[in-house]
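Have a look at the structure below, and then we will walk through a sheet, some helices and a loop.

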Amino acid sequence: QAGDAQWFNPKFGGAGCKVRRGDLTMANTANGFVAEGEAYDKIVYVSKVRLQELKKKMNGKSKGADITSEDVKGLMYPDDLDDESVLIPVDVTGEECPTSYEDLIEKVGALGAVKAMVNAADFFEKNKKKFSTEQLPLPMTVGEWMSFLSTEEGLDEEGGEEEDCEEDEEVVRKE
């Protein structure tokens, strides 16, 4: 199911931070966007500012008891942020991290989901030396990410994808 393979963009029925579509895994590197590689299978991108805010909530008076599923969604679906907002790579290798934020919340709750992403951020920082300089996943902006996904989806100014869908519908109607 596409939703299980696509993190971070509700447009794809996906579920959060994984910059992935179908069998496509992607990371922003010094060589640009890399769309293949086992090394990137456990790399996900989250909102830097929201991760910092939620980490403060976790360590605050409430100990994260006030963290909601909407907070997790905002962390992993930061499409409401401006184009210049920064997304950071995190490594979920050490986490039992389902591929959708809904599944993650169902499995470990909102606070557990945030803890998993904080741990994944720490894990990435400690283990990023496993990547060469050219292969290291780098932060990117929401705008860069959306641009990459638009390119991958084949969206163009003429609405090529919508036109294709309409043609498919016509074929179905004729059958």
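## A sheet, its helices and a loop

In this predicted model, three strands form an open sheet in the order β5-β6-β7, and their pairing is antiparallel. At the edges sit β5 (43–47) and β7 (140–141), each of which pairs on one side only. Two bridges join β6 (residues 86–91) to β7 in the antiparallel sense, and V86 stands opposite T141 in β7. Lying across β5 and β6 is helix α4 (residues 101–127), which runs at about 80° to β6.

Now for a pair of helices. How do α2 and α3 run relative to each other? Their axes come within 9 Å and cross at roughly 150°. Angles over 145 degrees count as roughly antiparallel, so α2 and α3 are roughly antiparallel to each other. The residues that make this contact are set out here:

| Helix | Residues in the contact |
|---|---|
| α2 | R50, L51, L54 and K57 |
| α3 | D71, G74 and L75 |

By class, the contact of α2 with α3 has three nonpolar residues, one polar residue and three charged residues.

The loop between α2 (48–59) and α3 (69–76) holds K63. What is the phi of K63? The value is near 55°, which is positive in a residue other than glycine. Most residues other than glycine have a negative phi. Is K63 buried or exposed? K63 has a relative accessible area of 56%, and the cut-off for exposed is over 50%, so K63 is exposed.

Terms used. Residues are numbered from 1 along each chain as its sequence is written. This is a predicted model: local features need pLDDT of at least 70, side-chain atom pairs count only at pLDDT 80 or more; totals for chains, interfaces and linings use all residues. Side-chain values use heavy atoms; hydrogens and water are left out. Helices (H or I, at least four residues) and strands (E, at least two) are DSSP runs, numbered from the N terminus. Buried means under 20% relative accessible area, exposed over 50%, partly exposed in between (1.4 Å probe, protein chains only). Two strands pair if DSSP finds at least two bridges between them. Contact means heavy atoms within 4.5 Å. Axes are lines fitted to C-alpha atoms, for helices over the stretch in contact, and angles run from 0 to 180 degrees between N-to-C directions. Angles under 35 degrees count as roughly parallel, over 145 as roughly antiparallel, 65 to 115 as roughly perpendicular and the rest as oblique. Ala, Val, Leu, Ile, Met, Phe, Trp, Tyr, Cys and Pro count as nonpolar, Asp, Glu, Lys and Arg as charged, and the others, Gly among them, as polar.
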